[in-house]
Amino acid sequence: MRKPTVFSPDAEPKSEFQMTNHVQRRVPLYFFMLLVLAVLFFVFRFWRQSPGADAFARLMNTGKGYYEQGEAARAVDAFQKAAALQPTHPDALLNLANACLLAGQSEQAIQCAQQVSNMDPQSAAAYYIAGCANLRLRKFEEAIKSLQQAKAIDLKVNAVSLQLGRAHMELGQFQDAADQFSEIIRFEPEYPSANFFLGQTLLRLGRQEEARQALERHQQLITGKPNPPADASTFERCVYTQMRVPFQLEQPDRRGVKVSFADATQSAFGNSPASFHGPVAVLDINHRGANDLFVGDGDGNFRVLLNTNGTFQPNPEPIPGIPGAKFTRCLVGDVNNDRYEDVVVLSEAGLRLFKFATNGVATDVTRFSRLNDIPAVDGALVDLDFTGKLDLLLVTPGARNVRVLRNLGGNGGSPYFKDITQTSGVPASVSGVSHIVVDDWNNDDVADLFIGREAQPALVLTKLRGGPLTETNSPADWPQAGAVATGDLNNDLRTDVVLAAADKLVCILGGLTNRIEVPLGDFRVNGLLLVDYDNDGWLDLCAYGAGVRVWRNLGNAGFQEKTRELGLDKLVKGTVDSITTADVDNDCDTDLVLSVEGRGLQLLRNDGGNANRQLKLRLIGNRSNASGIGVRIDVASGLWRTARTVQSLPVEIGVGKHALLDSITLHWFDMMLPTTDAKLDQCLPLAMLEVQWDRTGSCPYLYAWDGQRFRFVTDLLGTSPAGLHLTDDRLVDADSDEFVWIGDESSFPPLDGNYTLQITEELREVLYLDAAHLLVVDHPAGTEVRTTGKLL
């Protein structure tokens, strides 16, 4: 703490020279301080979040305050301004819809809710708000449709059932209304409004004693408690009417941890790195937690290099390939689901599929798999049709078209592929393709296809669930780009795309309109990848060609080049034709394995990245493909979150300083499986097993009460509403009416006086069901009744 200045009358006054000299000494100090403050001011202005983002957050929080105070008109005004700044932000639109509902502007509430449901068909909140607004407008049939959609998405929100019951009451459908209110009470007996409305409904059904009991129960529940006004907003209030405010995402430390790369080629490969070359892939032979390498060896052959803490020992025998062929890409995934990753290598002279088994033993199954004489220069493994088997997407030499091969093999046996390009949806006009990537662009948990083209604009073909790829929604303003990379750059749990244009990298953020451009100068990009080299939980940019360049992700502040600081400007000499990333020395940071033209392999060891933590996962798919290729992983801890789509192995995710993760959520084929409160065990992969269902299918499930529990009966609607594809060109005709045998009096007794059935949509698809009726068949004793309408 600074001491106060004391003026003493006895002190000798300083001479004029002394005072002047003292002031002169201070002038440079003041000037320096002002200069520093000015620099800090402009640095802050440069690095801070954009004014638009600040204004949006402020308006959202302001509107939330007004809404919670009941000032509906002022809330509407704030959220309208927020939505004007970010017109496609679902939270802004949902907040505006709720504020309009509170303000009595039901038509406007419906419009906002419909915008959200158009962007996100799984938004239960949007359907709920639309249903409540229609109920206020006395459009009861429309209200029921919207509320049923909300309930189909999430059965656990009792307010939805309450609003459904009210709509049925208004239509005079008193039994349907009573069913909704009774369901609420079964799960939440102390729900006052449900007891009140149930009593009113039972009165209209003539069930006087039951009505009296329900109304008495209502009085008991509200006695001695605050009694809110019985208006529409009171009954509507639930999780869907709560305000949503911007998530204050934890940003990366601007200074970061100190990282540098060191050349560990000699210690890793001994005296033979020049004989090994790309393309390179990572395998974990025998699943022992080590990142082994599959590399090119000599003229058209390959070899497995077994890893022991960063030192590689070649397998004794090479794996024959195609003599004279120059292989350009290596794809890894378990193509026959036998729990061993397999390898597909691509060249203009043809491809090879090597099936792996214990101890790295490889078998060439190319011919048996019907892949012989198929040339390709780029490709990807992806489960396009949700069969749990990895299909092949290939880029052909010459015209550079995209070819689609479906995997028809059985689990555990040898795969075999069929060309389905003509029915895949890939336009025949797509040519000049240089690179392809598979990721989910529109956040619907379906893999889409990104296509890079040097002489034409890049494009994305979105996959329709149960349908083909389509070019309909491909953005028209993407630049020409020879290389493409995808990932969650801004940690908003949406896929972003990076395009390598002629003189810059263009980062396009999914769901947002702003773009980030990184100048390249005259650096020509051969390839592009996203890698978190410092484990801070943010994907960095890495481009390679005549050397390697790296830009660190600074979150809202953009990207900053770190090539020189990392030592890469001096370590890499020559043209790099491929890079593979993995923690090869088992110290929990990401190393780089380069294939340098004419020089062979070069291993660059990461020194310092493990100052932050790294999450390693081993995915074990059952219904999904065994390798987990295409699975999306959401990770969250505190105010940090990120998403990754598994495009290659291994799965290594930087998580910053977080030692305890709040959640790890895997989006498998049919379900999302969260793991909560996961502690990191440094450098040991965490096995994530996909739950194996006793019954699997792709249709709604029917359950019937058997006296003790709900018994699974069958799946439904196999050929409705549009028919069922047996093959690409053979369709079972649609059958909109289906009869299902449920049981008899012994296997299907009543529950509380009612015969009770449940129809569930347990897989990720849309349920098309207009009505369900219970039919009773009287038949002679000793005979059985069976339906002939079930698809066999």
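Guide: F294, F302, F327, F354 and F356 form one aromatic cluster, in which rings of Phe, Tyr and Trp (its six-membered ring) count as paired if their centres lie within 6.5 Å, with planes under 30 degrees apart called stacked, over 60 edge-to-face and the rest tilted. By this rule, the count comes to 18 aromatic pairs. One of them joins Y701 and F712, whose ring centres are 5.4 Å apart and whose planes stand at 80 degrees, so the pair is edge-to-face. Y701 belongs to strand β37 (residues 701-705) and F712 to strand β38 (residues 710-715), so the pair ties together parts that are 11 residues apart in sequence; helices (H or I, at least four residues) and strands (E, at least two) are DSSP runs, numbered from the N terminus. Y701 is buried, with a relative accessible area of 2%, whereas F712, at 22%, counts as partly exposed (buried is under 20%, exposed over 50%, partly exposed in between, with a 1.4 Å probe and protein chains only).

This is a predicted model, in which local features need pLDDT of at least 70, side-chain atom pairs count only at pLDDT 80 or more, and totals for chains, interfaces and linings use all residues. Residues are numbered from 1 along each chain as its sequence is written, and side-chain values use heavy atoms, with hydrogens and water left out. The protein chain averages a pLDDT (the predictor's confidence in each residue, from 0 to 100) of 87, and 88% of the residues score at least 70. Over residues 1-51, however, the pLDDT is below 50, and beyond near neighbours in sequence this stretch has 7 contacts in the model, a contact meaning heavy atoms within 4.5 Å.

Tyrosines also stand out in the largest nonpolar core, where, of its 60 residues, Y128 and Y240 touch the most other members; such a core is a set of buried Ala, Val, Leu, Ile, Met, Phe, Trp, Tyr and Cys residues joined through side-chain atoms within 4.5 Å. Helix α6 (residues 124-136) gives the most to this core, contributing 10 residues. Leaving aside neighbours within four places in sequence, Y240 is in contact with N98, A124, A125, Y128, I129, D154, V157 and V160. A second, separate core of 54 residues includes I322, L392, V635 and W668.

In α10, F197 is one of the buried residues.
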